[in-house]
Amino acid sequence: MGNRFQVKVQVKDRFAAGAQYIDGQLRPGTSGRSHTVVDPATGEEVLTYELASTADVDAAVAAAKRAFPGWSGATPGERSEALHRLAAVLAERAEEFAHAESLQCGKPVKLSTEFDVPGTIDNTAFFAGAARHLQGQAAGEYSGDHTSYVRREAIGVVGSIAPWNYPLQMAAWKILPAIAAGNTIVLKPAELTPLTSLMFAQAAKEAGLPDGVVNIVTGAGRDAGEHLVGHPDVVMTSFTGSTAIGKRVAEIATATVKRLHLELGGKAPFLVFDDADLEAAANGAVAASLINTGQDCTAATRAYVQRPLHDAFVARVAELMETVRVGDPFDPSTDLGPLVSHVHRDRVAGFVERARAYATVVTGGEIPGGELADGAYYRPTLISGAAQDSEVVQSEIFGPVLVVLPFDTDDEGIALANDTPYGLAASAWSRDVYRANRATREIQAGCVWVNDHIPIISEMPHGGYKASGFGKDMSSYSFEEYTQVKHVMYDNTAVAAKDWHRTIFGDR
C-alpha cells in the first residue's frame, strides 16, 4: 500500500500541467486565482492549482458541443463497449484511485478501497449494459390509422456539479448515465476535492472515449459553476449539494429553460420500533451515522426509538461508538478519518457545543488532541434529550453526530420521521412485516431501508422527496433524466383528404 508521501508525489506529477481537463488534455485554469487541495488528516498541501475562469468553461462546453454529434451518433453497442473498457481501466487502477480519494477527503482507506472505488467500477459496468437498453413504449396503431413509436434521444451537452463528500462516486453518477445515453458532459467537481474526477476523465480517454465527451472544469461555484449552469449551449444541469445552493442552481437553470436534476440535503430518520432487534439496530445506527465521518446525505442522523427500547439503545450505541478507532486514513485499521476540512470540522463542533445548552452529549463531542491535533478530526458523538424542533434535529450537520429521541405510538414515530423539510433516505427497524411495510409506505423519502441503513446498488434509483430534490441517479431511471422522449407517428392510410380535415375545412 502506498504511503501518504508517495501518493502526494504521484498527484503533483500527474497534475503538473493543470487541473482543467478540456477536450482530452490537462491545462491550467486562467482565472488568475489558485486553490490548494489540503490533506485534512494533516493540514498539509497536496496540490495547488489554477482555478477555472468563465473562458475555461466556455472552452469545455465548446469541446463537448463538438464531440456531441459523433458520440450521440455512435451505436448503443459502441458506447457500451467503451464503458466496458472504462470499467476495466478503473479496475486496473483501483488502488491508485482509492489512495487519491483518501488523500483529498480523509476517507479511511478501507472505505475508499471497499466502497467508493468498487462502487464506481460496478456503476460503470452497469451503465455499459444499460446503454444498450433504452426503453420506450411498443410500436403500435394506437389511433387506428397511424403507427406510433417512441424514440429516446440524447439531449446534448450536460453541465453538472458534484460535491466533495464522494468525489469519485459523484463524478461517476453524473458522467455515466449522461454519456451512456449519448450526451457529452462538462463536470465541475468541488474545488476541495478535484483529483479523482480528473483521474476518471483521464481513464475515459485511456478507454478510448473520444476527446470532448468528458470534460472537467475545476473552479469556484460563483464563477465557473454559475457560468456552466447558465451557459446557453448547456441543455441540462445535474447538481448534488446543499439545498441552499440547489435553490440558486434552480434559479439559473430555470432562467434558461434547462432540464434540471437536483440531489440535495438530507436528515435521514432511523426509526426503531419496540419489537426491533436491539443489537442489530444499535450496530446499524453506529455504522449508518458514521459512514464517511457522517458526511453523507443519507447517513442516519435522527434515531427515533420507541420508549421501551430507548434507554437501552442509547447505552448500547454509546458503548459501540466508544470502540470506533479514529486515526490516520492511510492506516488500514482506522474506522473514522477526519472531516473534509478544518472549517467544516469547526462547523460540526459548533452544532454540538450549542446543543449542550438544551440536550445531553452522551459520548464524543470532542476535537482530539495528541497526534491527531493537526487534522480535522472529531470524535463520534451521540446526543440525547433534544427537542424535535431543536437545531441538531432539524438542520443538516454533516458530521459524525447522531441524535436520539423517544416516541410512544407508531403514529407518532412516523410523524416525527417526516417532520423535517428533507426526504432523501430513511430506515425502519422492526420484526413485524406489517409494521415495517406501513413505515415504507408512509415515510416520505426516496429510499426506505428495512432493518438496514446505507447500502446502495447500481440497479436501483437514488433521489429524494421534498427539499432533498428531484430526479434520480443510478439505475435505468437515470435515462429519464438524460434522454429526450420523442413520439414518431406514421400515417398508414395514404388518403389525401382525411376524415378529420372536415373539422377545419369542408364537409364529410
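**Close-up views of a predicted model**

**Figure 1. The largest nonpolar core and the surroundings of Phe 313.** In this predicted model, the largest nonpolar core holds 96 residues, of which Val 214 and Phe 313 touch the most other members. Helix α6 (residues 167–180) supplies the largest share of this core, with 10 residues. Beyond the residues up to four places away in sequence, Phe 313 touches Phe 270, Val 272, Leu 278, Ala 281, Ala 282, Ala 285, Ala 303, Val 305 and Val 404.

**Figure 2. Packing of helix α10 against helix α11.** Helix α10 spans residues 278–290 and helix α11 spans residues 307–321; their axes come within 9 Å and cross at roughly 50 degrees. The two helices are therefore oblique to each other, and α10 passes α11 in a right-handed crossing. On the α10 side, the contact is formed by Leu 278, Glu 279, Ala 281, Ala 282, Asn 283, Ala 285, Val 286, Ser 289 and Leu 290. These residues meet Leu 309, Ala 312, Phe 313, Arg 316, Val 317, Leu 320 and Met 321 of α11. Classified by residue type, the contact of α10 with α11 has 12 nonpolar, two polar and two charged residues.

**Figure 3. Packing of helix α6 against helix α7.** The axes of α6 and α7 lie 8 Å apart, and the helices pack at an angle of about 45 degrees. This angle makes α6 oblique to α7. The crossing in which α6 passes α7 is right-handed. From α6, Pro 167, Leu 168, Ala 171, Ala 172, Ile 175 and Leu 176 meet Thr 196, Ser 197 and Phe 200 of α7. The contact of α6 with α7 divides into seven nonpolar residues, two polar residues and no charged ones.

**Figure 4. Packing of helix α4 against helix α7.** Helix α4 (residues 94–105) and helix α7 (residues 195–206) have axes that come within 9 Å and cross at roughly 155 degrees. Helices α4 and α7 are therefore roughly antiparallel to each other. Glu 96, Phe 97, Ala 100, Glu 101 and Gln 104 represent α4 in the contact, where they meet Leu 195, Thr 196, Met 199, Phe 200 and Ala 203 of α7. By class, six nonpolar, two polar and two charged residues make up the contact of α4 with α7.

**Figure 5. The loop residue Ala 376 and its contacts.** Ala 376 is placed in the loop between strands β13 (360–363) and β14 (381–384). Ala 376 has a relative accessible area of 0% and is buried. Apart from neighbours within four places in sequence, Ala 376 is in contact with Pro 40, Pro 338, Leu 339, Ser 341, His 342 and Arg 345. His 344, 32 residues from Ala 376 in sequence, has its C-alpha atom 8.1 Å from that of Ala 376.

**Figure 6. The strand residue Ala 425 and its contacts.** Ala 425 belongs to strand β17 (residues 425–429). With a relative accessible area of 4%, Ala 425 is buried. Ala 425 and Val 7 are 418 residues apart along the chain, and their C-alpha atoms are separated by 35 Å.

Definitions and conventions: Residues are numbered from 1 along each chain as its sequence is written. This is a predicted model: local features need pLDDT of at least 70, side-chain atom pairs count only at pLDDT 80 or more; totals for chains, interfaces and linings use all residues. Side-chain values use heavy atoms; hydrogens and water are left out. A nonpolar core is a set of buried Ala, Val, Leu, Ile, Met, Phe, Trp, Tyr and Cys residues joined through side-chain atoms within 4.5 Å. Buried means under 20% relative accessible area, exposed over 50%, partly exposed in between (1.4 Å probe, protein chains only). Helices (H or I, at least four residues) and strands (E, at least two) are DSSP runs, numbered from the N terminus. Contact means heavy atoms within 4.5 Å. Axes are lines fitted to C-alpha atoms, for helices over the stretch in contact, and angles run from 0 to 180 degrees between N-to-C directions. Angles under 35 degrees count as roughly parallel, over 145 as roughly antiparallel, 65 to 115 as roughly perpendicular and the rest as oblique. Ala, Val, Leu, Ile, Met, Phe, Trp, Tyr, Cys and Pro count as nonpolar, Asp, Glu, Lys and Arg as charged, and the others, Gly among them, as polar. A crossing is left-handed if the near helix is turned anticlockwise from the far one by less than a right angle, and right-handed if clockwise.
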